[in-house]
Amino acid sequence: MMLQLVLLAALALCGRCSEQELELDATQRVVGGSEARSHAWPSQISLQYYSNGGWYHTCGGSLIQRNWVMTAAHCVDRNMNFRVVAGEHNLNANDGSEQIFSVSKIIIHPYWNSNNVAAGYDIALLRLSGYANLNSYVQLAVLPYAGTILPNNYPCYITGWGLTRTNGQLSSVLLQAYLPVVDYQICSSSSYWGSTVRTTMICAGGDGVRSGCQGDSGGPLHCMVNGQYQVHGVTSFVSGLGCNVAQKPTVFTRVSAYNSWISSVISQN
């Protein structure tokens, strides 16, 4: 039997949210994390939606070209008005480092099926209305080589602005949490995720203390390879039992399974 999954977008502030969406949002944040050093992850963006006269954070993402952002498909498969904020740290303050862009095109992976999250393909690319200026606050993410598979317990970090407590608010500042990789052999075992996870996904965490949660969707899993941090995962889902459930690691779309699709989309658009 497929386990109940919870997608990690945050729409709790949206007046048009369904009762089901609001129920799923009533959990926790980048659980067990701490505030990241300001602008320590300069490729991280905040994806925001417009509702009732204001803009609200819903998902994370990674700036992969000056005018392209990588996020989760489930973050943008609704008909909403989105914008991207790069160079952000505190959602509630204007530090002068922010760069704001409208989204001119949304390209969701053609095999994404919102009714079957466990099928995978939870990835989308957003073409921005302009080009980001690269500086100490805004940088391009480094993507892994195609097919790269990190070994079990490889050290990685999730970052995001997810909810801070049950029935709480989004974190105002960017948080980070240490989430080591759980390899496919372990993550697909019956005591972990079983057949719910696929080889095109990457699992990380699962210690029952630290995890991703609502508001972190689409954001990066950063792993240092050859002396530089690469974005190996796009935050996708956790257990319906809660975000930080032991032996239910946070599940990410594995970026290295989609290099050719990413390159093709960017070159054709």
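A nonpolar core here is a set of buried Ala, Val, Leu, Ile, Met, Phe, Trp, Tyr and Cys residues joined through side-chain atoms within 4.5 Å. Keep in mind that this is a predicted model.

Q: What makes L47, M70, V84, L125, W193 and I262 stand out in the largest nonpolar core?
A: They're the residues with the most contacts inside that core, which has 49 residues. Strand β8 (residues 124–128) supplies the largest share, four residues. Another core lies apart from it, with 15 residues, including L179, L221, V225 and F252.

Q: Which residues does L125 touch, leaving aside its neighbours within four places in sequence?
A: L125 is in contact with I64, W68, V69, M70, K105, I106, I107, W261, I262, V265 and I266.

Q: Why is the pair D77 and R78 called a salt bridge?
A: The cut-off is 4 Å between a side-chain nitrogen of Lys or Arg and a carboxyl oxygen of Asp or Glu. The closest N and O atoms of D77 and R78 are 3.8 Å apart, so the pair qualifies.

Q: How do you know that D207 and R210 form a salt bridge?
A: Their closest N and O atoms sit 2.9 Å apart, and that is within the 4 Å limit. By this rule the count comes to two salt bridges.

Q: Why is D77 called partly exposed?
A: Buried means under 20% and exposed means over 50%. D77 has 32% relative accessibility, so it falls in between.

Q: What about R78, D207 and R210?
A: R78 is partly exposed at 22%, D207 is partly exposed at 37%, and R210 is partly exposed at 27%.

Methods:
Residues numbered from 1 in each chain as written. Predicted model: local features only at pLDDT ≥ 70, side-chain atom pairs only at ≥ 80, totals over all residues. Heavy atoms only, no water. Buried < 20%, exposed > 50% of the residue type's maximum accessible area, 1.4 Å probe, protein only. Helix = DSSP H or I, 4+ residues; strand = E, 2+ residues; numbered from the N terminus. Contact = heavy atoms within 4.5 Å.
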